[in-house]
Amino acid sequence: MTHKSFFIFLFISISVFAQDKKTLMLFEKGKNDFMERKYETALSNFEKYLEKDSSKIEAYFRIGQIHESFRNQKKATEYYLKLIEKDTAGVSFVQAYTYLGSRALENHRFEDAKKYLTISLNNTNKNSIVYQQILKQLKTCDFGIQAIAKPLNIKPEPLIDVLNFKNKQYFPVLTADNSTIIFTARNDLEDENIYFSENKNNTWSKPISISNEINTPYNEGTCSISADGKIMVFTSCEGRDSFGSCDLFITKKEGDKWSTPQNLGPNINSNFWDSQPSLSSDGSKLFFSSERPLGLGKKDIWMSELDEKGNWKKATNLGKNINTSYDEVSPFIHANGYSLFFSSNGKEGMGKFDIYLTSIKRGFGGEVLNMGYPINTGDDELSLFISADGKKAFYSVDKNEKVSLYQFSIPTELSDKIDRTHYLKGFVLDQKTQKPLYTTIELVDIKTGEKISKFLSDPITGDYMAILPGDGEYVLYVETPNYFFKSLKFDFSKDDEGKRLDILLTKIEKETKEVLENIFFDSGSAVLRKESDIELKKLKELLQKNASLKVEISGHTDDIGNDLTNKELSKKRAMAVVEFLKNQGIVADRIVPIGYGETQPKVKNDSEASRQLNRRIEIKFL
C-alpha cells in the first residue's frame, strides 16, 4: 500500500469512527432525555439515531414507550412490532409483548393476543401483580376464541331516528306491554335528562321530557321503572339533597303526573356513589351498583326490598358469587323477578365489561353465565334491557362519538334461559257508575298459594298492570273499602303474552249478589279443595273488616241429576263454606247457608261451559 493510499484509508476510518460516535451520542442523548421525561426531544434523538443505525433495538422500544405515553396506539404498535422483529436473542423487552397483546385483545384479535401474552407470561415474575393480570388476559383470550367459534345468532340494529334524537341516549327501559320506552339522553355540553316515548299503532312518538318534577338543570339519569310504569327510581348526582356523590330517588305516577322525587334514604343511599337502579316488576325489590366500602370490589351490586309497612330495608351485598374484587355495574332484574343481568370486568369473559345472567329464584348462589358473543365483545358492554315477553333486547352503542339506542331479537339459545312473563292490563271500575277505583291488587299462584306481588291501581284513572311470572295458573285479587273483592283466575299457556281486562267491582249494598269465583269441590262432593283456601281467607277478611255485615252463602248446581239430590248437595257445599268461616272466628249468626240446587241458573244449561257457570257458590249481602 502506498503512503497516499494509507492516508486515504486512515482518513475514511477516522471519519466513520467519528460518525459512529456521533450516531451513538444521539442514542445516548435520547436515553437521557427519556429518563428525564423529556419525551419530545428523546423522540427526536431516537428517530435521528435510527436514520443512521438500527443496531440498538432499544431505540425502537423507547420510541414505542413514548408513543404509548402520548396515547398514539398506532405509532406505539408500529415500533413495538419493529422491535420484536429484531429481538432475535430472546425477550428483552416484555412490555412490548404485553402492550401488543393487550391491544390485540381490545380489538378482538384473540389469537394474536394469546401469542404475544403467552411470551409475556413466560418472562414475567410469577409472584408479581403483572403476572396475575396477564394470566387473566390469557383466560379472556381462550374464552374469546371459543365464543367467536360459536356466536349467537343476533343482528343488532339501531332504533328509529325519532328515538335516537340526540347525540347520546342510553339506559333504555320499557313497560311490560312494550308501549312506553324511557331513557336518558343529552347533546354534547347539555345536562342529562330523562325522556319517554309511546308506541301507538306500531309507531314511536317523538320523545319528550318525562316531567319538570324529575328533570332539572342538573343531571338526571340511569332510571328504572316498575312494569306498569307507575314507579320510577333514578340517579341524581347534584342539585338535590343527598347523602353522597350520587343518590337514588323515587317518584310515583298518578294519572299523567309524577310526584316530587324523594331520596330513598340511608337504608339505600350512602356517602359514596350509588347509581344504576333496577326495580322488580312490582316495585318491591331494588338492585343497584354502589362504591360504598365493606363490599368485595370497588363497585358491587346491592339489593334492598320493601318490608310489610312499605319501608325499604337496609341494602345488602349480593355476595361473592356475583360480586368480585373488580367492578360489577348495570344490574337489571327481568320482569319475571328471577333473571338477573349485570355487567362485570372481574369474571371470565371477552375483556373489559361483559354482561352476565344468573337466576335468583333460589337465592344468589346460582350459576352465572356469560351472555356470549357478539352480545359481549372486547369493548365495554353495559345497560342491557330485556323486554318482559323475552323477545327483544335493548341497549346503547357508543360509536363514532355518538351513543345510540339499539335492539336485537333474542335467539332461542338465550331465550330458553329466561323465564317468559305474561301481563294483564286494564282498568278497575265501579260496576254501576263506571268510575275509576283506587284498589289493592294481589297476584297469587294457585298451586303454591304464594303471593307473587302486591300493587295498586292508579288512583285517578283506575288503570293497572299485573305481571304473571311464567306459565301457570294465577288468581288476581282486587279489593278496596266498601266493595266486594274480585277474584279472577287465569291459566296462561305458552302462546299467551298479554291480555286486556277491565275489572268491575260491586259496592257492598243490601241484596247485592256476587259469585265466589275460586271455591272448588270435586264432582259430587261437598268437601272443599285446598285451592279454595285463598278465596275463603279473603272472604273471612272481608267479614272481619265489615263487622256489622250479615251475608247469605248459597250453593247452586246445574240441571244434571236428581232435583232433590242437587238441592241437598248445594246446601252441603254452602254449609262447608260456613263451617270454614266459623272456624276462622266469624260468628255463626252473621252467615246464613242455603242450597238452591238447580232452581236459580245464571244461564241456560245448554252446554258444558254454561253448566260450569251454573255450578257455583254465591254471597248475598243481607
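**Figure 1. Helix α5 in a predicted model.** This model is predicted. Helix α5 covers residues 94–106. At 1.5 Å a residue, its 13 residues should span 18 Å. The end C-alpha atoms lie 19 Å apart, which agrees. After the helix comes H108, with a positive phi near 65°.

Figure 2. Of the 13 residues of α5, 11 are buried, so the helix is largely enclosed by the rest of the structure. Among the buried ones are V94, A96, Y97, T98 and Y99. R103 is also buried, as are A104 and L105. Which helices pack against the buried residues of α5? They are α3 (58–69), α4 (73–86), α6 (110–122) and α7 (129–149). An α-helix has 3.6 residues a turn, so residues three or four places apart point the same way.

**Figure 3. The disulfide of C237 and C246.** The count comes to one disulfide. C237 and C246 form this link, with 1.9 Å from S to S. The link is right-handed, with 100° about the S-S bond. A disulfide is a covalent bond between the sulfur atoms of two cysteines. C237 counts as partly exposed because its relative accessibility is 34%. C246 counts as buried, at 8% relative accessibility.

**Figure 4. Cysteines C223 and C141.** C141 is buried, with a relative accessible area of 0%. C223 is in no disulfide. The nearest cysteine sulfur to C223 is that of C237, 14 Å away. The cut-off for a disulfide is 2.5 Å between sulfur atoms. C223 is buried too, with a relative accessible area of 4%.

Figure 5. T222 sits in strand β7, residues 220–225. Is T222 buried or exposed? At 12% relative accessibility, T222 counts as buried. Its side chain makes a polar contact with the side chain of T235, at 2.6 Å. Neighbours within four places in sequence are left aside here. Beyond them, T222 is in contact with residues including F171, T184, V233 and F234. S275, Q276 and P277 are also in contact with T222.

**Figure 6. Strand β13 between its partners.** Strand β13 covers residues 285–290. Five of its six residues are buried, so β13 is largely enclosed by the rest of the structure. β12 (residues 274–279) pairs with β13 in the antiparallel sense, over four bridges. D274 has S290 of β13 as its bridge partner. Five residues lie between the strands in the hairpin of β12 and β13. In this hairpin, G283 takes a positive phi near 75°. β13 also pairs with β14 (residues 300–305), again in the antiparallel sense, over six bridges. There K285 stands opposite E305 of β14.

**Figure 7. An open sheet of four strands.** The strand order is β25-β24-β27-β28, with antiparallel pairing. Which strands stand at the edges? They are β25 (451–456) and β28 (486–492). Each has a single partner strand, so one side of each is left without a neighbour in the sheet. From one strand to the next, the twist averages 20°. In a regular strand the side chains alternate between the two faces of the sheet.

**Figure 8. β27, β28 and helix α9.** β27 (residues 472–479) pairs with β28 over seven bridges, in the antiparallel sense. G472 has F492 of β28 as its bridge partner. Helix α9, residues 533–545, packs on the sheet. This helix touches β24 (440–445), β27 and β28. The direction of α9 makes about 5° with that of β27.

Notes. Residues numbered from 1 in each chain as written. Predicted model: local features only at pLDDT ≥ 70, side-chain atom pairs only at ≥ 80, totals over all residues. Heavy atoms only, no water. Buried < 20%, exposed > 50% of the residue type's maximum accessible area, 1.4 Å probe, protein only. Pairing = 2+ DSSP bridges. Helix = DSSP H or I, 4+ residues; strand = E, 2+ residues; numbered from the N terminus. Axes fitted to C-alpha atoms, helices over the stretch in contact; angles between N-to-C directions. Contact = heavy atoms within 4.5 Å. Expected span 1.5 Å × (residues − 1). Polar contact = N/O pair within 3.5 Å; in protein donor to acceptor, adjacent residues only side chain to side chain.
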